[in-house]
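User: Could you walk me through how to read the helices in this model, and then what they pack against?

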Amino acid sequence: MSFLSFVEGLADDFVTSQENSSAGLLSGSKAPSNVDTSFGTNAKKVFELDPNATPEELEDYYAAINYLLKNSETFRKLYQKMLTSGRMVYITFNDDRGESRFDTKGGKNTIIWDRDAAVHVGTKNKNQNAALGLAHEFGHFAQVIDGYFLYMKYRPRENDNLKKWETPIAKELGLPFRDSYLDGYMIRTKLGDPTSTVAQQ
Ligand SMILES: [Zn+2]
């Protein structure tokens, strides 16, 4: 099996996992014939998707994961780290907030992903995309796994996330990277394509 088909198998597992959940929002299951079942089992243990997510939100989520797995070596490492962590993360959506975030309220690791929010990088005068925003929040989950998320102050924690995860992934995706966490501001990108760097009009 090629590495890419292995990666595609992992992404298929997200779909299969959701289809097997009580939400049952997606149809047209792809047979996960090339999924390593040990990884598949782990993915189901790690990623808990909001059962109230809309089909559009889930479609964008899978599109973002596929794009990140296919194009970023660093994201593949990040993803594998999560799969083997023995930890869980709950993923929910907020289409109107204009930013994504991660928190550990109530001891529950939660990513709130805004599928059309991205960073406009000030020093480059260019936009990132919403998929990279999702990868950024995964980076915070990695900080939990590594045991220091709760012990770092806000800004050093953000800059640590940039250095370890966001910036290497941005470079691999051919996107602009931030010189620091404050290098830029949030914008809305084209809805329905988390890989888009085009700002909404
Ligand atoms: Zn952050």
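User: How many residues does α5 have, and how far does it reach from its first C-alpha to its last?

Analyst: A helix here is a DSSP run of H or I of at least four residues, and a strand is a run of E of at least two, both numbered from the N terminus. The expected span of a helix is 1.5 Å times one less than its number of residues. For α5, 16 residues reach 23 Å, close to the 22 Å expected. Please keep in mind that this is a predicted model, in which local features need pLDDT of at least 70 and side-chain atom pairs count only at pLDDT 80 or more, while totals for chains, interfaces and linings use all residues. Residues are numbered from 1 along each chain as its sequence is written.

User: Is α5 mostly covered or mostly open?

Analyst: Start from the cut-offs: a residue is buried if 20 or more other C-beta atoms lie within 10 Å of its own, exposed if 12 or fewer, and partly exposed in between, with C-beta atoms placed from the backbone. By that count α5 is mostly covered, with 12 of its 16 residues buried. Just after α5, glycine 147 takes a positive phi of about 85 degrees.

User: How do I read the packing of two helices, and at what angle do α3 and α5 pack?

Analyst: Two packed helices are described by the angle between their axes and the distance between the axes. Axes are lines fitted to C-alpha atoms, for helices over the stretch in contact, and angles run from 0 to 180 degrees between N-to-C directions. Angles under 35 degrees count as roughly parallel, over 145 as roughly antiparallel, 65 to 115 as roughly perpendicular and the rest as oblique. The angle between α3 and α5 is about 80 degrees, and their axes are 9 Å apart. That is why α3 counts as roughly perpendicular to α5.

User: Which residues of α3 and α5 meet?

Analyst: Two residues are in contact if their C-beta atoms, placed from the backbone, lie within 7 Å. From α3 come Ala64, Tyr67 and Leu68, and they meet Ala130, Ala131, Leu134 and Ala135 of α5. The spacing makes sense in general: an α-helix has 3.6 residues a turn, so residues three or four places apart point the same way. Ala64, Tyr67 and Leu68 are also among the buried residues of α3. The helix α3 itself has 17 residues and reaches 24 Å, close to the 24 Å expected.

User: What angles does α5 make with α4 and α6?

Analyst: With α4, the angle is about 45 degrees and the axes are 10 Å apart. That makes the α4 and α5 pair oblique. A crossing is left-handed if the near helix is turned anticlockwise from the far one by less than a right angle, and right-handed if clockwise. The α4 and α5 crossing is left-handed, and its contacts involve Phe75, Leu78, Lys81 and Met82 on the α4 side. With α6, the angle is about 135 degrees and the axes are 9 Å apart, so this pair is oblique too. Here α5 passes α6 in a right-handed crossing. Leu132, Ala135 and His136 are among the α5 residues that meet α6, where Trp165, Ile169 and Leu173 are among the partners.

User: Which residues have the most contacts inside the largest nonpolar core?

Analyst: A nonpolar core is a set of buried Ala, Val, Leu, Ile, Met, Phe, Trp, Tyr and Cys residues joined through C-beta atoms within 7 Å. The largest one has 35 residues, and Ala64, Leu68, Ala131 and Ala135 have the most contacts inside it. Elements that each supply at least two of its residues include α3, α4, α5, α6 and the strands β1, β2, β4 and β5. Leaving aside neighbours within four places in sequence, leucine 68 is in contact with Phe75, Ala131 and Ala135.

User: Is isoleucine 111 buried or exposed?

Analyst: Isoleucine 111, in strand β4, is buried, with 22 other C-beta atoms within 10 Å. Beyond its neighbours within four places in sequence, isoleucine 111 is in contact with Val89, Ile91, Phe102, Glu137 and Phe141. The C-alpha atoms of isoleucine 111 and phenylalanine 141 are separated by 8.4 Å, although these residues are 30 apart along the chain.

User: And where does asparagine 125 lie?

Analyst: Asparagine 125 sits in the loop between β5 and β6. Asparagine 125 is exposed, with 9 other C-beta atoms within 10 Å, and has a positive phi of about 55 degrees although it is not a glycine.
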